[in-house]
Amino acid sequence: MKYLDKRRQSVKIQENRKFFVLFYMLGFMAGILYANVLAGDYIASMGIFSDFFLNQYCQTEVHAGEFLWYILRVRAAPLLFLGIAGCTKFRKGVVLLFLVWTGFSCGMIMTAAVMQMGIKGVILCVVGLMPHVLFYTAGYVMLLWYLFCYPQIKWDFMKSVCFVLLIAVGVVLECYVNPALMKMFLQTL
């Protein structure tokens with residue numbers, strides 16, 4: 001009997017993982033289609049991937065302390081949203097909507113980068129997300145997984161510590177390491 005319960009739980013976990021990937025990829029594809037079909041002219045006129053903007057970024061000195069407070073405010077907004085929405089009966093829908101929106105944003109930005117810079121744009125996007133995105137992703141997956149699987153999964157003190165550490169390391173890396181990596185990469189272009 002225990003074997004069947006464990007087997008059912010294992011199948012349920014695999015189905016939930018597929019939902020995560022499926023909804024993220026649906027959003028990613030929607031972002032690519034939106035950027036190509038509906039917003040192509042707007043993206044072509046955007047200056048974020050222009051040589052002028054990238055040169056300005058290289059010449060700008062990033063004040064890490066001020067940037068830290070900015071990043072904390074920007075990163076706190078989705079966490080607060082997920083935390084508040086996680087207390088409602090719509091938590092699974094919110095998780096799936098968050099995954100779709102994240103995929104959509106990523107697909108649209110990657111497409112804009114490719115449209116304006118080619119393969120260098122994709123590399124620029126990857127460098128722009130390193131190394132902090134690895135920690136943010138781990139933290140967000142932990143939170144989203146909990147919200148999606150609740151009440152089968154319980155949140156405990158160790159998960160809280162792990163989550164806070166992952167997000168905190170991500171913030172520190174985004175403020176202190178990523179600007180240096182971006183400048184190094186942009187100087188090679």
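**Pocket lining and aromatic pairs in an all-helix chain**

The lining of the largest pocket is made up of 36 nonpolar, six polar and two charged residues. The model is a predicted one, and the volume of its largest pocket comes to about 1900 Å³. In total, 44 residues line the largest pocket, and those closest to its centre are Arg75, Ile109, Leu129, His132 and Val133. Helix 5 provides the largest share of this lining, with 10 residues. At least two lining residues each come from helix 1 (2–38), helix 2 (40–45), helix 3 (51–59), helix 4 (64–85), helix 5 (91–117), helix 6 (119–129), helix 7 (132–149) and helix 9 (178–188).

The protein chain as a whole contains nine helices and zero strands, and its elements follow the order α-α-α-α-α-α-α-α-α from the N terminus on. The C-alpha trace spans about 65 × 40 × 30 Å along its principal axes. Of the 189 residues in the protein chain, 34% are buried. Among contacts with a separation of 6 or more, 83% are between residues 24 or more positions apart.

Asparagine 178 is located in helix 9. Its relative accessibility is 7%, below the 20% limit, and asparagine 178 therefore counts as buried. The side chain of asparagine 178 comes to 3.2 Å from the backbone oxygen of glycine 128. When residues up to four places away in sequence are not counted, asparagine 178 touches Val127, Gly128, Leu129, Met130, His132 and Leu173.

Aromatic residues were examined next. A pair of aromatic rings is described by the distance of the centres and the angle of the planes. The count of aromatic pairs comes to 12. In one of them, the ring centres of phenylalanine 20 and tryptophan 145 are 5.5 Å apart and the planes stand at 65 degrees; the pair is edge-to-face because this angle is over 60 degrees. Phenylalanine 20 belongs to helix 1 and tryptophan 145 to helix 7, so this pair ties together parts that are 125 residues apart in sequence. Phenylalanine 20 and tryptophan 145 are both buried.

Phenylalanine 20 also pairs with phenylalanine 148, with ring centres 5.6 Å apart and planes at 85 degrees, so this pair is edge-to-face. With phenylalanine 20 in helix 1 and phenylalanine 148 in helix 7, the pair ties together parts that are 128 residues apart in sequence. Phenylalanine 148 is buried, as is phenylalanine 20. Ring pairs join Phe19, Phe20, Phe23, Trp145 and Phe148 into a cluster.

Phenylalanine 157 is part of helix 8 (residues 157–176). The relative accessibility of phenylalanine 157 is 67%, and because the limit for an exposed residue is over 50%, phenylalanine 157 counts as exposed. Phenylalanine 20, by contrast, is buried. Between phenylalanine 157 and proline 78 the separation is 79 residues in sequence and 21 Å in space, from C-alpha to C-alpha.

Conventions
Residues are numbered from 1 along each chain as its sequence is written. This is a predicted model: local features need pLDDT of at least 70, side-chain atom pairs count only at pLDDT 80 or more; totals for chains, interfaces and linings use all residues. Side-chain values use heavy atoms; hydrogens and water are left out. On a 1 Å grid over the protein atoms alone, a cavity is a set of points where a 1.4 Å probe fits but cannot get out, and a pocket is an open set with protein on both sides within 12 Å along at least five of seven lines; lining residues have an atom within 4 Å of a point. Grid points are joined across faces, edges and corners, and a volume is the space filled by probe spheres set on the points. Helices (H or I, at least four residues) and strands (E, at least two) are DSSP runs, numbered from the N terminus. Ala, Val, Leu, Ile, Met, Phe, Trp, Tyr, Cys and Pro count as nonpolar, Asp, Glu, Lys and Arg as charged, and the others, Gly among them, as polar. Buried means under 20% relative accessible area, exposed over 50%, partly exposed in between (1.4 Å probe, protein chains only). A polar contact is a pair of N or O atoms within 3.5 Å; within protein, one must be able to donate a hydrogen and the other to accept it, and residues adjacent in sequence count only if both atoms are side-chain atoms. Contact means heavy atoms within 4.5 Å. Rings of Phe, Tyr and Trp (its six-membered ring) pair if their centres lie within 6.5 Å; planes under 30 degrees apart count as stacked, over 60 as edge-to-face and the rest as tilted.
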